[in-house]
Amino acid sequence: MQRYDLVLRGSRVLDPANSFDSVSDIGIRAGLVEAISDRMPESETDRSIDLSGLWAIPGQIDTHAHVAGMSRTVDPAIGYRMLARAGTTTVLDMGGTGDNLINGLNRKGAGLNVAGLLALVPGLTIPSDSPSKGEIATTVSGALRQGCIGVKILGGYHPFSSETTADIVSECNQQNAYVAFHIGTKDSGSHLGGLREIPDIVGDGRLHVCHVNSYCRGVIERPEEECVEAISIMKDMRGQLNTEVYHAIPNGTNGSCDREGNVIANVPRNCLQAKNYSPTFDGMKAAILDGYASVIQQKGDDISYVKGSEALKLYESSKTRIGMSFPVNLPASAFSLTTAKNSDGEFIVDAVSTDGGSHPRNIAIQSTMSLVKFGAISPLEMSKKLSLTPSRMLGLKNKGHFTEGADADITVIDPVSGEPVMSFVAGNAIMANGKILGTGGTLLVTSAAERKAEKSGIPFQVIDLGQSKLYKGF
Ligand SMILES: [Zn+2]
């Protein structure tokens, strides 16, 4: 028997956990990294892939994407295919249900590992917007049992009071459940004002703060001042927060209006008002026709933005219940948040995410590669932001690095184009040159969902969030 099932030859291997940056061969056996060395003898394997001129990082982990949500106008599970094409190997779904996760993997899975969070929607997944402590506890334990690893608080859409938000965070912390927060409470909003509440809401607890870039769009102060303040809040709470930023300029939201013709959610209202449109049905129609607001549309196995009169037709025929996007994210904010470091030279923001998946903005690899080309971060730091720290955020001890015995999850990048060209999960290619080769996937669940995962028939892995950066600190 030969030593390796597969050898990936001659790529520049970027493994920040081992401070390793060198042109090498990667030997894979039984889905694991068996060895990394200068030159592996031909006799030790029957299968080699020549990756000379390319870079290999531990499989990219997207800590904020959407593949299991509750959209009525697109199939979120298509996000698996879009993420696979984007070079992702593991994804944290930012808000859906356990059943959507399992069902979507069966239908549209592309071989990725996936962990999900239960979206807290009052009246649907949590009894009301002012739940009792008992109801919160039941909701969190129910989330774990149904196959999610925790919950997502959707403060930009379904805000709770600051007090209830704090109760949810604290209950998750007690149950060792993951808890992510799209900032915003009934007492603040989905902007820097909401971020200012975080120290009080979290206390001495733990929290994943979603897409910090989206609170630095200049709603409260000048954007550069908002970045400075956001960085200072995160610096003070080091060890308590998991954080990510995404780089795409378009955001993702919805256009839903109430019976009086007012746009309902906080996020699209902010977007409209930022350009002096009224936060109403008429304001939204004007923003669509002017090309400021786009509508998200599914065509086959892809989801893209539609503009102008075609978008208006979709908006009206969906009776406003449709995914939308505004070009409101500021590249300067994304840049300063991504590159900020403390006095020890450690990054303030943990990860580059996409807030993509079924939203067409899965550009984390390309955008982070352009920061490398710009000289703002090193290749090893790119690998750290895209793989190593995300693996720690989730407690995935066998991912995010190339130590012998690690999972052979690998993303291959063309350094000239900055594009992902190939990716592997457990030694199997799931994407090559944009073509999806993977099917199904692996569920990442806590021990509370073992029975549910077994019943689903989908391969699963039990993770221990007690070992994650969120709960253990690093
Ligand atoms: Zn999101």
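Trainee: At what angle do the axes of helix 3 and helix 4 cross?

Mentor: This is a predicted model, so keep that in mind throughout. The axes of helix 3 (residues 133-145) and helix 4 (residues 162-174) cross at roughly 50 degrees and come within 10 Å.

Trainee: What makes helix 3 oblique to helix 4?

Mentor: Set the angle against the cut-offs. Roughly parallel needs an angle under 35 degrees, and roughly perpendicular needs 65 to 115. The angle here is roughly 50 degrees, which makes helix 3 oblique to helix 4. Helix 3 also passes helix 4 in a right-handed crossing.

Trainee: Which residues of helix 3 and helix 4 meet?

Mentor: From helix 3 come K133, I136, A137 and V140. From helix 4 come D167, I168, E171 and C172. By class, this contact has five nonpolar, three charged and no polar residues.

Trainee: Why is helix 12 called roughly antiparallel to helix 13?

Mentor: Start with the value. Helix 12 (residues 364-374) packs against helix 13 (residues 379-393) at an angle of about 155 degrees, with the axes 9 Å apart. Angles over 145 count as roughly antiparallel, so helix 12 is roughly antiparallel to helix 13. Their crossing is right-handed.

Trainee: Which residues make the contact of helix 12 and helix 13?

Mentor: Helix 12 supplies A364, I365, T368, M369 and V372. Helix 13 supplies P379, M382, K385 and L386. Sorted by class, these are seven nonpolar, one polar and one charged.

Trainee: What makes helix 9 and helix 10 roughly antiparallel or roughly parallel to each other?

Mentor: Again, use the angle. The axes of helix 9 and helix 10 (residues 308-317) cross at roughly 150 degrees and come within 8 Å. The cut-off is over 145, and the two helices are therefore roughly antiparallel. In helix 9, K285, I288 and L289 meet G308, S309, A311, L312 and Y315 of helix 10. That contact divides into five nonpolar, two polar and one charged residue.

Trainee: How do you know that helix 8 is largely enclosed by the rest of the structure?

Mentor: Check its residues. Helix 8 spans residues 266-274, and seven of its nine residues are buried, so the rest of the structure largely encloses it. The buried ones are N266, V267, P268, R269, N270, C271 and L272. They pack against strand 13 (253-254), helix 9 (281-289) and strand 16 (323-325).

Trainee: What makes the phi of N276 worth a look?

Mentor: Most residues other than glycine have a negative phi. Phi of N276 is near 65 degrees, a positive value, and N276 is not a glycine. N276 sits in the loop between helix 8 and helix 9.

Trainee: Where is N433, and what is its phi?

Mentor: N433 lies in the loop between strand 21 (428-432) and strand 22 (435-436). Its phi is positive, about 45 degrees, although N433 is not a glycine. N433 has 10 C-beta neighbours inside 10 Å, so it counts as exposed.

Trainee: Which residues of helix 2 are buried, and what do they pack against?

Mentor: In helix 2 (residues 98-108), the buried ones are G98, N100, L101, I102, G104, L105 and K108. Their partners are helix 1 (78-85), strand 7 (88-96), strand 8 (110-119), strand 23 (440-445) and helix 14 (450-456).

Trainee: How do you know that domain 1 and domain 2 are in contact?

Mentor: Look at the residues they share contacts through. Domain 1 is 59-249 + 329-393, and domain 2 is 253-325. Of these, 18 residues of domain 1 are in contact with 15 residues of domain 2. The touching side of domain 1 divides into six nonpolar, nine polar and three charged residues. The domain centres, taken over C-alpha atoms, are 23 Å apart.

How values were computed
Residues numbered from 1 in each chain as written. Predicted model: local features only at pLDDT ≥ 70, side-chain atom pairs only at ≥ 80, totals over all residues. Buried ≥ 20, exposed ≤ 12 C-beta atoms within 10 Å, placed from the backbone. Helix = DSSP H or I, 4+ residues; strand = E, 2+ residues; numbered from the N terminus. Contact = placed C-beta atoms within 7 Å. Axes fitted to C-alpha atoms, helices over the stretch in contact; angles between N-to-C directions. Left-handed = near helix turned anticlockwise from the far one by under 90°. Nonpolar A, V, L, I, M, F, W, Y, C, P; charged D, E, K, R; others polar. Domains from an automatic or database assignment.
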